[in-house]
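Have a look at the structure, and then read on.

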Amino acid sequence: MNAEDASVRMNCHQHAIKDFDLQLEMNDLEMNMLKDGSGDVLPYNESRMDDLEQKKLKLLLGKRFHQNATHAYWYYLEKASK
């Protein structure tokens, strides 16, 4: 791998992070739609809320992977430039 490859890969991971942020925002919006005016989850929405909380966890794990990969390529580029 060279610096150009590392830069492209780092950029791809950064794009993935932006996509994960959008998915997390959409998930949060959907979670909020399951609540009543006082912020409590409506009883008939509890199962869907559980599903969305699990989805949020998976999205955060995916985002963490891409963020760590971005940092790894950044580190490689820093070392390669010295």
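This is a predicted model: local features need pLDDT of at least 70, side-chain atom pairs count only at pLDDT 80 or more; totals for chains, interfaces and linings use all residues.

What is the fold made of? The protein has two helices and zero strands. Helix α2 covers residues 46-80, and its 35 residues at 1.5 Å each should span 51 Å; the C-alpha atoms at its ends are 51 Å apart, so the expectation and the model agree.

Which residues of α2 are buried? They are Met49, Leu52, Leu59, Gly62, Lys63, His66, Ala69, Thr70, Tyr73 and Leu77. An α-helix has 3.6 residues a turn, so residues three or four places apart point the same way. The partner of the buried residues in α2 is α1 (3-33), against which they pack. Contacts across the sequence can be viewed for the whole protein too: among those with a separation of 6 or more, 69% join residues 24 or more positions apart.

Now for the overall dimensions. The radius of gyration is 18 Å, whereas a compact globule of 82 residues would have one near 12 Å. The table gathers some values for the whole protein.

| Property of the protein | Value |
|---|---|
| Box filled by the C-alpha atoms, along the principal axes | roughly 60 × 15 × 15 Å |
| Residues that count as buried, of 82 residues | 26% |
| Accessible surface | about 6,100 Å² |
| Part of that surface belonging to carbon and sulfur atoms | 54% |

Conventions:
Residues are numbered from 1 along each chain as its sequence is written. Side-chain values use heavy atoms; hydrogens and water are left out. Helices (H or I, at least four residues) and strands (E, at least two) are DSSP runs, numbered from the N terminus. The expected span of a helix is 1.5 Å times one less than its number of residues. Buried means under 20% relative accessible area, exposed over 50%, partly exposed in between (1.4 Å probe, protein chains only). Contact means heavy atoms within 4.5 Å. The radius of gyration is taken over C-alpha atoms; the globule rule is 2.2 Å times the number of residues to the power 0.38. Accessible areas come from the Shrake-Rupley method with a 1.4 Å probe; for residues, only the protein chains shown count as cover.
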